[in-house]
Amino acid sequence: MRRTKEEAEQTRRRIMAAALRTFNQGGIARTTMEQIAEAAAVTRGAIYWHFTDKQALIAAIRDDVSLPLVDRADFTLLTDRTGDPLERVERFLLDLFSAVDEDERTRLAFSIMTFKCEYVGAMEAELDEYVRKIERLRKQLVKVYSDARDRKMLRPGVAPDIAALETTVFLAGLMRLALLEDRGTTVRKRARELIAAHVGARRAVGT
């Protein structure tokens, strides 16, 4: 039984890897389950045994790469409250960028979901999920920036809610443009400098 479960998980992983390759080649909307089955060297029935439809397959890929990142955000932003709150924000941004930048599979999944997916019909639910995660992050950042304000570390005149929203927008733009390095952007190469400048601009002088 254990071997059967392990083999099933290996097949599931092979299907997800094949889906990433075919989505990257032809886009999500135009990729068929037959093409994914061929790329994974399995039957179409094998795919439907693991995933009810293409939407379920996409959701599994998304969760496989995004859930660990969400957990990492929770840990970095909400723990170690005795430390410098702005350092927590910078460490979170650096950790998140590095997790995507240094793992080819994660980077490919994010690129596909960003540039090769039409968010219409059943895929609209993916946008709703994205908005929920962004809002969750924004609320966490408000708490951290509020902590920085209370410790007189946040630059005077910067409201925690605006700072949190700015960082959310900054992160979304950073990740999107970093994925376009092969088209000529320099964001990926200078991401760490950009992150340091972003957080530094919110720090009170002398802290």
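What percentage of the 207 residues in the chain is buried? I found that buried residues make up 41% of them, taking buried as under 20% relative accessible area, exposed as over 50% and partly exposed as in between, with a 1.4 Å probe and protein chains only.

**Basis of the entries**

I worked on a predicted model, in which local features need pLDDT of at least 70 and side-chain atom pairs count only at pLDDT 80 or more, while totals for chains, interfaces and linings use all residues. Residues are numbered from 1 along each chain as its sequence is written, and side-chain values use heavy atoms, with hydrogens and water left out.

**Entry 1: the chain as a whole**

I counted nine helices and zero strands, these being DSSP runs numbered from the N terminus, with H or I over at least four residues for helices and E over at least two for strands. Along the sequence I therefore read the pattern α-α-α-α-α-α-α-α-α. The C-alpha atoms fill a box of roughly 65 × 45 × 30 Å along the principal axes.

I then looked up contacts, meaning heavy atoms within 4.5 Å. Of the contacts with a separation of 6 or more, 71% join residues 24 or more positions apart.

**Entry 2: nonpolar cores**

I searched for nonpolar cores, defined as sets of buried Ala, Val, Leu, Ile, Met, Phe, Trp, Tyr and Cys residues joined through side-chain atoms within 4.5 Å. The largest has 26 residues, and V89, L93, F97, Y145, L171 and L174 have the most contacts inside it. Two or more of its residues come from each of α5 (85-101), α7 (124-150), α8 (160-178) and α9 (191-200). Apart from this core I noted another, of 24 residues, including I15, I36, A37 and A109.

**Entry 3: cavities**

I searched the whole structure on a 1 Å grid over the protein atoms alone, where a cavity is a set of points at which a 1.4 Å probe fits but cannot get out, a pocket is an open set with protein on both sides within 12 Å along at least five of seven lines, and lining residues have an atom within 4 Å of a point. Grid points are joined across faces, edges and corners, and a volume is the space filled by probe spheres set on the points.

The search gave two cavities of 30 Å³ or more. The largest cavity has a volume of about 50 Å³, and its lining consists of F97, V100, D101, R107, M175, A178, L179 and R188. Helices α5 and α8 each give two or more residues to this lining, with the largest share, three residues, from α5. I sorted the lining of the largest cavity into five nonpolar, no polar and three charged residues, counting Ala, Val, Leu, Ile, Met, Phe, Trp, Tyr, Cys and Pro as nonpolar, Asp, Glu, Lys and Arg as charged, and the others, Gly among them, as polar.

The second largest cavity holds about 30 Å³ of space. I listed L20, F23, I28, I58, I61, I112 and M113 as its lining. Two or more of these lining residues come from each of α1 (2-26), α4 (54-78) and α6 (104-115). By class, the lining of the second largest cavity has seven nonpolar, no polar and no charged residues.

**Entry 4: the second largest pocket**

I recorded a volume of about 290 Å³ for the second largest pocket. Its lining is formed by N24, R107, S111, F115, K116, A178, L179, L180, E181, D182, R183 and R188. Helix α6 supplies the largest share, three residues. I sorted this pocket lining into four nonpolar, two polar and six charged residues.

**Entry 5: single residues**

Leaving out residues up to four places away in sequence, I found T11 touching V42 and H50.

I placed Q55 in helix α4. Beyond its neighbours within four places in sequence, Q55 is in contact with A122, M123 and E126. From Q55 to V199 I noted 144 residues in sequence and 37 Å in space, C-alpha to C-alpha.

I located G157 in the loop between α7 and α8. G157 counts as exposed because its relative accessibility is 86%. G157 and V199 are 42 residues apart in sequence and 15 Å apart in space, C-alpha to C-alpha.
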